[in-house]
Amino acid sequence: TVFIPNIFTPNGDGMNELFFVRNLPVDGSSTSLVISNRWGKQIFSSNNYYYTSESDNSLWDGGDDAEGVYFYSLAIDGVRTYSGWVEVLRGSRKQ
């Protein structure tokens with residue numbers, strides 16, 4: 001089952017730093033991801049989205065975007081689409 005988290009915490013503590021979708025099909029499926037802010041402005045996109053490791057720099061790390069709620073659209077093979085929201089919570093940054 002595809003699991004899409006609804007929060008991540010890119011605050012430099014080394015835990016939960018990236019937004020990544022778990023359990024995507026690995027059988028050559030084409031997966032695209034678009035992240036938009038609350039005004040509909042696209043802030044991240046990937047036409048070949050797939051999680052390989054925490055060091056994968058093609059995943060969304062929250063960039064310089066403010067804390068808050070963002071919206072995603074995830075399309076798998078152009079057939080199955082998931083949409084929803086994810087919260088960026090930075091909290092205290094590790095010193």
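These legends describe close-up views of a predicted model of one protein chain. Local features need pLDDT of at least 70, side-chain atom pairs count only at pLDDT 80 or more, and totals for chains, interfaces and linings use all residues. Residues are numbered from 1 along each chain as its sequence is written, and side-chain values use heavy atoms, with hydrogens and water left out.

**View 1. The chain as a whole: zero helices and five strands.**
Helices (H or I, at least four residues) and strands (E, at least two) are DSSP runs, numbered from the N terminus. Along the sequence, the pattern reads β-β-β-β-β. The protein chain has 95 residues, and 37% of them count as buried. Buried means under 20% relative accessible area, exposed over 50%, and partly exposed in between (1.4 Å probe, protein chains only). The accessible surface comes to about 5900 Å². Carbon and sulfur atoms hold 47% of that surface. These areas come from the Shrake-Rupley method with a 1.4 Å probe; for residues, only the protein chains shown count as cover. Among contacts (heavy atoms within 4.5 Å) with a separation of 6 or more, 52% link residues 24 or more positions apart.

**View 2. An open sheet of five strands.**
The strand order is β1-β5-β4-β2-β3, and the pairing is mixed. At the edges stand β1 (7-8) and β3 (42-46), each pairing on one side only. Two strands pair if DSSP finds at least two bridges between them. Strands of a sheet pair through backbone hydrogen bonds, either parallel or antiparallel.

**View 3. Strands β4 and β5 run antiparallel.**
β4 covers residues 68-76 and β5 residues 80-88. Nine bridges join the two. Phe71 stands opposite Trp85 in β5.

**View 4. Ser36 in strand β2.**
Strand β2 spans residues 31-36. Ser36 counts as buried because its relative accessible area is 17%. Leaving aside neighbours within four places in sequence, Ser36 is in contact with Lys41, Gln42, Ile43, Tyr70 and Phe71.

**View 5. Glu67 in the loop between β3 and β4.**
With a relative accessible area of 46%, Glu67 is partly exposed. Beyond its neighbours within four places in sequence, Glu67 is in contact with Val88, Leu89, Arg90 and Gly91. Glu67 and Arg90 are 23 residues apart along the chain, and their C-alpha atoms are separated by 6.3 Å. A polar atom of the Glu67 side chain lies 2.6 Å from the backbone nitrogen of Arg90.

Methods: Polar contact = N/O pair within 3.5 Å; in protein donor to acceptor, adjacent residues only side chain to side chain.
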